[in-house]
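Subject: the model, plus notes

Hi,

As promised, here is the structure to open on your side. My notes follow below it.

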Amino acid sequence: MATSSGGGSGSGGGGTYSYRNGATHSHKSSSKLDTHTHKPLSLNSSSNSSSKNHVKSKSLGPSSTTQRRNSTTSKDHHPSVPGRVRVAVRLRPRNAEESVADADFADCVELQPELKRLKLRKNNWDADTYAFDEVLTEFASQKRVYEVVARPVVESVLDGYNGTIMAYGQTGTGKTYTLGRLGEEDTAARGIMVRSMEDILADVSLETDSVSVSYLQLYMESIQDLLDPANDNITIVEDPRTGDVSLPGASLVEIRDQQSFVELLRLGEVHRFAANTKLNTESSRSHAILMVHVRRSIKGRDAGHSSENGNHPHSVKSLKPPVVRKGKLVVVDLAGSERIDKSGSEGHTLEEAKSINLSLSALGKCINALAENSAHVPFRDSKLTRLLRDSFGGTARTSLVITIGPSPKHRGETASTIMFGQRAMKVENMVKLKEEFDYKSLARKLDVELDKLIMEHERQQKAFEDEIERMATEAQHRLSEAERNYIDLLEKEKSKYEKDYMDSIRKLEDQLAMNQRKNEDSHIKSRAEVYSEELADLKKMLQKETLLRKAAEGEVNHLKIQVSELKMSEASRKSEILKVHKMLEEEVHQKEKLEREIAILQSQLLQLSLESDQTRHQFERDGLEKDVSSVDSLTSQVKHQQQASGNGEKPSIAKLFEQVGLQKILSLLEAEDADVRIHAVKVVANLAAEEANQGKIVEAGGLTSLLRLLQSSQDETIHRVAAGAIANLAMNETNQELIMSQGGISLLSMTAASAEDPQTLRMVAGAIANLCGNDKLQSKLRGEGGIKALLGMVRCRHPDVHAQVARGIANFAKCESRASSLGTKSARSFLIEDGALAWIVQNANNEASSIRRHIELALCHLAQHETNARDMINGGALWELVRISRDCSREDIKTLAHRTLVSSPTFQAEMRRMRISY
Ligand code: ADP
Ligand code: MG
């Protein structure tokens with residue numbers, strides 16, 4: 001060990017010494033300074049120091065806070081910087097007792113603060129000199145002690161390093177004074193704890209950073225909570241991964257202001273005093289440990305740090321957790337370092353004394369081991385060394401202040417303390433930034449963000465669902481509205497169509513009714529015409545009948561008178577009765593004879609009259625009389641003839657007829673003599689012309705005889721006259737049926753086929769024409785060839801024949817039309833079936849009015865039946881109907897044709913097609 005004589009003690013020491021605890025410092029194996037080789041010990045001397053690992057100390061260079069902050073950036077996230085334990089020595093001034101007791105003695109130490117040296121006197125002429133990082137004289141102020149010993153550590157803690165400030169020394173040398181003075185009575189007296197907290201609180205932002213403290217006492221290997229004395233056996237927990245130790249059982253009080261911290265320290269002091277009283281010890285025997293946890297968020301001010309190291313891809317930049325620095329300042333006020341045996345007076349057993357000092361001696365052993373770079377450091381030997389594992393040989397920045405007293409009496413203890421300090425100076429720490437990502441805070445932040453997002457999502461989801469629901473409701477409304485509208489529209493349309501339909505039905509019904517009325521009118525009209533004609537005829541017949549009846553009545557009256565005369569004369573002439581009877585018989589014979597004569601005379605008379613009739617016909621044929629159109633005219637001819645023969649003739653014929661007897665006349669029809677037959681048939685024909693006789697003739701078998709004559713006779717005159725008679729008889733409906741039932745149609749057809757005389761044909765045609773007018777006989781007549789026979793007769797060009805044919809066709813058509821209107825006929829007309837249409841159309845505009853009228857009527861009748869329309873159109877009948885409806889001179893026929901055309905849809909359609917404006 002190098003020694004040097006004390007070159008005078010520097011006291012006080014001017015200027016402010018920077019005391020930095022981050023620089024590498026080379027030191028010799030012994031720290032005892034060789035006077036001639038010593039170098040000033042300064043933290044700033046790192047630049048010329050021979051660093052073990054050559055890591056620059058720039059990070060801990062400047063002392064100002066601003067500079068310090070700027071300096072913390074490092075390429076390495078958690079740089080480990082070698083940092084030796086810094087040791088300062090502080091000398092307590094002499095107290096009153098020492099001033100008195102040691103008044104004659106010099107202090108055992110001499111300080112050279114400017115040289116940072118301490119001389120420990122061995123004797124009056126010899127002293128050992130020791131170099132320390134800082135030498136604080138008895139005049140050193142608390143402020144200065146704080147600044148050189150504690151502030152660098154505090155600043156390191158604020159930067160995120162662990163820091164330890166520890167006082168070591170004999171009891172009564174000022175450890176507590178240095179560390180724990182509250183300075184309430186004198187601000188200048190404030191110790192390191194209070195000042196540290198002042199600096200910490202001044203530097204942190206309580207919004208983002210937090211400061212919390214635990215305050216503990218370690219006594220006899222038991223850790224007590226000075227903030228909660230009941231908690232007196234706190235266990236140390238070590239993180240097996242990092243080796244970090246913690247005291248989860250200790251109270252951790254968050255500090256937000258200086259005053260509450262001071263209160264806390266005072267409370268701790270009170271508790272410490274109470275505890276030591278209870279344990280029958282003194283505070284000097286226990287270790288007091290203050291732990292200050294500084295947790296700082298450096299998100300904003302050191303943003304570049306994490307991205308620079310390139311460990312984080314850009315994609316997670318936004319999720320980069322905030323960086324926190326957790327510095328822990330441990331301030332340890334150790335138990336007195338004096339040897340235990342010196343305090344044996346305190347009444348502890350040796351074992352107790354060993355236990356009391358176990359932690360302190362273990363600390364000494366650890367520091368020795370560290371100082372000697374020993375492979376094994378017995379940290380686990382005591383709780384104190386376990387707690388201070390990071391402070392010595394760990395990652396903390398550690399500053400040790402050793403306190404010594406000036407008294408030579410305690411020179412041994414002082415020397416021991418100095419040696420402890422010297423060894424501690426050799427302890428090399430690897431200070432390491434306690435920086436980590438604050439995943440919890442990030443997680444919290446992310447949780448908050450997530451919750452916000454979840455809430456927002458829920459809100460949006462709700463809004464979306466509401467919107468969907470609103471849209472659905474709206475759509476439903478619209479749909480139902482559309483449905484309602486559709487139904488309304490449908491209803492309206494439906495009622496409109498129903499109304500239209502009903503209107504159409506009504507119109508059609510009206511039209512139908514009108515048509516029916518029209519039809520009825522036209523029928524009534526045409527029938528009325530026929531009936532009126534028939535009525536006129538009947539009236540005439542009735543008049544005749546009346547006259548005949550009156551004549552017969554006159555006869556009856558005359559006979560009655562005769563009978564009464566006879567009766568009156570009977571009584572008087574009883575005797576003459578037989579005579580008269582005989583006379584009567586004779587008279588009867590006479591009468592019969594006369595009657596035969598009368599019959600002959602009468603037939604002769606009729607022959608004469610018929611001959612005159614023939615003459616007249618011949619005359620007519622010569623064109624004097626043109627319009628002979630019906631069988632009615634035959635009757636009128638007979639009448640005319642009779643009239644021509646004189647008014648007196650007819651009653652005489654009648655009389656003759658009565659006298660001869662019908663039966664006899666009819667029997668003459670079959671007489672062998674042809675002349676008689678001719679006369680007889682002429683008589684019968686004449687009689688048949690009188691309606692009054694017709695019944696009798698038929699009753700007497702006249703009709704049958706006449707029909708038989710058609711068959712049996714070859715004589716055309718007989719045929720002609722017989723046909724005329726049949727024609728007259730055929731005016732009666734009963735007779736018509738009789739004629740039909742007796743094969744009249746075939747007989748008449750045969751007659752027509754063989755006839756050459758137009759008059760014969762005229763008669764035959766007239767007979768058939770009459771039959772044509774019977775509704776009941778239509779199909780039978782047609783079936784037996786009636787229509788064909790009629791049509792066959794037109795081969796004769798005589799207009800009289802044509803007129804009868806036309807009449808027959810008109811009659812037939814009339815009946816068919818009636819049948820179709822009654823619904824009993826639906827098929828097309830037999831006339832059309834039998835080929836009559838061509839002739840009808842051909843003669844529709846015949847110049848002979850007797851033909852034309854009948855044809856016109858026939859056309860109208862045919863056209864009544866819609867079934868005939870198509871054939872009529874094809875046969876050219878439509879043109880004739882149109883002509884009739886326009887040009888017919890007879891107004892009634894013209895109107896009928898018009899109505900017929902109007903009421904037929906087929907004709908209407910055809911006319912539209914042919915563009916016939918109608
Ligand atoms: P320790 O804690 O080491 O046992 P203390 O701090 O209790 O010692 O100090 C013992 C006494 O010495 C106290 O009365 C204290 O006021 C006084 N004292 C200690 N250091 C100084 C100093 N530097 N200046 C003035 N008085 C001091
Ligand atoms: Mg003390």
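Let's start with the ligand. Sorted by class, the shell around ligand 1 holds 2 nonpolar, 6 polar and 3 charged residues; here Ala, Val, Leu, Ile, Met, Phe, Trp, Tyr, Cys and Pro count as nonpolar, Asp, Glu, Lys and Arg as charged, and the others, Gly among them, as polar.

Before more of that, some housekeeping. This is a predicted model, in which local features need pLDDT of at least 70 and side-chain atom pairs count only at pLDDT 80 or more, while totals for chains, interfaces and linings use all residues. Residues are numbered from 1 along each chain as its sequence is written, chains are lettered from A and ligands numbered from 1 in the order in which they are written, and side-chain values use heavy atoms, with hydrogens and water left out.

**Around the ligand**

The residues around ligand 1 are R90, R92, P93, Q170, T171, G172, T173, G174, K175, T176 and Y177 (a residue is near a molecule if one of its heavy atoms lies within 4 Å of it). Helix α4, residues 175-180, gives the most to this shell, with 3 residues. Helices and strands here are DSSP runs (H or I, at least four residues, for helices; E, at least two, for strands), numbered from the N terminus.

Which backbone atoms come up against the oxygens of ligand 1? A polar backbone atom of G172 is 2.4 Å from an oxygen atom of the ligand, and one of T173 is 3.1 Å from a ligand oxygen. For Y177, a backbone N or O atom lies 2.9 Å from an oxygen atom of ligand 1. On its own, ligand 1 has 550 Å² of accessible area, and the protein covers 65% of that (Shrake-Rupley method, 1.4 Å probe; for residues, only the protein chains shown count as cover).

**D333, a contact of T176**

D333 sits in strand β14. Its side chain makes a polar contact with the side chain of T176, at 2.8 Å. A polar contact is a pair of N or O atoms within 3.5 Å; within protein, one must be able to donate a hydrogen and the other to accept it, and residues adjacent in sequence count only if both atoms are side-chain atoms. Leaving aside neighbours within four places in sequence, D333 is in contact (heavy atoms within 4.5 Å) with K175, T176, L179, R272, S286, H287 and A288. D333 counts as buried because its relative accessibility is 4%; buried means under 20% relative accessible area, exposed over 50%, and partly exposed in between (1.4 Å probe, protein chains only).

**The strands**

What does β14 pair with? β13 and β14 pair in the antiparallel sense over 10 bridges, and A288 has D333 as its bridge partner in β14. Two strands pair if DSSP finds at least two bridges between them. Strand β13 (residues 287-297) has 9 of its 11 residues buried, so it is largely enclosed by the rest of the structure. β13 also pairs with strand β8 (residues 210-219), antiparallel, over 9 bridges, with V213 standing opposite V292.

β14 (residues 323-333) is also joined to β7, in parallel, by 5 bridges, and there G163 stands opposite L329. β7 pairs in the parallel sense with strand β15 (residues 397-404) too, over 7 bridges; T164 has T398 as its partner there.

How many residues of β7 (residues 163-169) are buried? 7 of its 7. In a regular strand the side chains alternate between the two faces of the sheet. In β7 both faces are covered: G163, I165, A167 and G169 are buried on one side, and T164, M166 and Y168 on the other.

**Two other spots**

S382 lies in the loop between α8 (350-371) and α9 (383-387). Is S382 buried or exposed? Buried, because its relative accessibility is 2%. Its side chain makes a polar contact with that of T385, at 2.8 Å. Not counting residues up to four places away in sequence, S382 touches E221, L358, S359 and A362.

In helix α21 (residues 744-754), the buried residues are G744, I745, L747, L748, S749, T751 and A752. They pack against a set of helices that includes α18 (702-712), α20 (733-741) and α22 (758-772).

**The whole protein**

The secondary structure comes to 32 helices and 17 strands, and buried residues make up 47% of the 918 residues. The protein exposes about 46900 Å², with carbon and sulfur atoms supplying 54% of it.

Cheers
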